[in-house]
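Colleague: Please take a close look at a single part of this model for me. I would like one connected account, starting from a single residue and moving on to where the chains meet.

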Amino acid sequence: MNPNLVNIHLVNSNSTHHKEDLPGDFAIWIFIFAEMLAFGVLFVAYAFTRANNVELFNASQLTLSRTSGAINTLVLITSSYFVVQGVAAIKRGLNKQCAHWLTGAFLLGGVFVGIKIVEFHAKFAADITMSTNNFYMFYLSLTFFHFMHVLMGMIILACIIVKARRSAYSAQDYVGVETGASFWHMVDFLWIILFPLVYIIR
Amino acid sequence: MSNDRAQSKLFPTTIWLVLVALTIATFSLGEAGLSGKGVMLTLLAITMIKSQLVANYFMALRKTKFLWRAIMFGYFIIVGGLIAMAYLMGLK
């Protein structure tokens, strides 16, 4: 076979393979799917427990701040948008621009954490704990579990920002950025379901 | 800047604006104190659209194999479907 044809075939098959691959390291997707499964079980458990305690859940839900939940949704959606722009920048080889977008996303993650701490503090100050009732057991466990994922996402973003500031990525090597971005989008994806389920639907 | 580059920058911004609008719609339904089967299904439909926009355009799964998009869509159909079923059980 003509060596040039072999090369063309390899290039084409590589580009096709790359196009169909999940963005970032495949290992993060195993983690993402596992986390989604864990949250999915909790979402469904919440819904079926509510079915047997509708009045209790509706009354307890009224004590939550929908405004805080909605602001946090907008904060996470916007931070995800910043991450998309950061990935687009690194695909053009722009490390500094990528770092700037991801720093914006990181700071918005900090805003989310701050609002959640205020929410948690208000509940604890009112002597509300996980043992108060079934609604608060789910509310506190679901939102705290998610809160820990936001913190983990912020640590990942911080590591990528440091590397991008050192120009460690390039237009050919940006798997690390995509890996962190995928995790951050998962955090956003899960909150998009959690917010209406726990704060709004009644 | 080429048209392609301009469009590729504009598209994520459009998706972001749609997500913001859908979040405001969700919040408004909550603030109005509306409840019932129709409202629940509307909220779940809005949530499904938002989750799929994030999966396909922010996570960039639209460029991947159908299998990955199907997993993300199937996830919402199963989880959202069970939530709807549980809600309907609670109405009785």
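Modeller: A:A158 sits in helix 6 of chain A, which covers residues 134–165. This is a predicted model. A:A158 counts as partly exposed because it has 15 C-beta neighbours inside 10 Å, whereas a buried residue needs 20 or more. A:A89 lies 69 residues away from A:A158 along the chain, and 17 Å separates their C-alpha atoms.

Now to helix 3 of chain B. This helix runs over residues 66–91 and has 26 residues. From first C-alpha to last, helix 3 of chain B reaches 37 Å, close to the 38 Å expected at 1.5 Å a residue. Its buried residues are B:W68, B:M72, B:F76, B:V79, B:G80, B:I83, B:Y87 and B:G90. What do the buried residues of helix 3 of chain B pack against? From chain A, the partners are helix 2 (26–51), helix 3 (54–61) and helix 7 (175–200). From chain B itself, helix 2 (37–58) joins them.

That leads to the contact between the chains. Chain A puts in 36 residues and chain B 33 residues. On the side of chain B that touches chain A, helix 1 (3–31), helix 2 and helix 3 each supply at least two residues. Helix 1 of chain B gives the most to that side, with 10 residues. By class, the side of chain B that touches chain A holds 21 nonpolar, 8 polar and 4 charged residues.

Methods. Residues numbered from 1 in each chain as written. Chains lettered and ligands numbered in written order. Predicted model: local features only at pLDDT ≥ 70, side-chain atom pairs only at ≥ 80, totals over all residues. Helix = DSSP H or I, 4+ residues; strand = E, 2+ residues; numbered from the N terminus. Expected span 1.5 Å × (residues − 1). Buried ≥ 20, exposed ≤ 12 C-beta atoms within 10 Å, placed from the backbone. Contact = placed C-beta atoms within 7 Å. Nonpolar A, V, L, I, M, F, W, Y, C, P; charged D, E, K, R; others polar.
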